[in-house]
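I opened this notebook to record what I looked up in one structure. The entries follow in the order in which I made them.

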Amino acid sequence: MEISFISISFSLFTLLISFSALFGIYKIGINYLNGIAMLIIYFSLMVFVYRAKYISALIQTVLYIAFMIAGEYIVIPLATVLYELNGVDYHLDLHSYLFIVVSSKIIHFICVIIMLMCLKNMSIALRNTLH
């Protein structure tokens, strides 16, 4: 499959529009709408940009969002203890907010890399058993 400038431009444009839409929905402040939009947009990106099959895209979308949530559930209580915050006060303190954002994204990145390595190993193992 040849990668052209047009396909790269389309992919980047699609990513820009998708994440802009997610940011806009996040700013509205309705958590359920944000969650549904994340599922739809990430699934669509997996299918149309990364050309994953539907079942694979669904599994990857659910895992991607689960890792994102897990990273935040690990870091937010840690930041609450480290910065002696109450509840959601981490939004008010720049240092704690940056700690949470950077730490949760690092954990998320590590989880996604591990997921990709596992999926690649599973794919290789499946290919070897079929031949």
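Are α2 and α3 oblique or parallel to each other? Before answering, I noted that this is a predicted model, in which local features need pLDDT of at least 70, side-chain atom pairs count only at pLDDT 80 or more, and totals for chains, interfaces and linings use all residues. I also noted that residues are numbered from 1 along each chain as its sequence is written, and that side-chain values use heavy atoms, with hydrogens and water left out.

**Entry 1: the helix pair.** I looked up helix α2 (residues 31–49) and helix α3 (residues 54–82), which pack at an angle of about 130 degrees with their axes 9 Å apart. Helices are DSSP runs (H or I, at least four residues), numbered from the N terminus. Axes are lines fitted to C-alpha atoms over the stretch in contact, and angles run from 0 to 180 degrees between N-to-C directions. α2 and α3 are therefore oblique to each other; angles under 35 degrees count as roughly parallel, over 145 as roughly antiparallel, 65 to 115 as roughly perpendicular and the rest as oblique.

**Entry 2: their contact.** I found that M38, L39, Y42, F43, M46 and V47 of α2 meet residues of α3, among them Y54, L58, Y64 and M68 (contact means heavy atoms within 4.5 Å). The contact residues comprise 12 nonpolar, two polar and no charged. Ala, Val, Leu, Ile, Met, Phe, Trp, Tyr, Cys and Pro count as nonpolar, Asp, Glu, Lys and Arg as charged, and the others, Gly among them, as polar.

**Entry 3: the largest pocket.** I then turned to the lining of the largest pocket, to which α3 gives the most, with seven residues. By class, this lining has 19 nonpolar, seven polar and two charged residues. A pocket is an open set of points on a 1 Å grid where a 1.4 Å probe fits, with protein on both sides within 12 Å along at least five of seven lines; lining residues have an atom within 4 Å of a point.

**Entry 4: the second largest pocket.** I listed its lining as K53, I55, S56, I59, Q60, L63, L119, M122 and S123. α3 and α4 are the elements that give two or more residues to this lining, and α3 gives the most, with five. The lining divides into five nonpolar, three polar and one charged.
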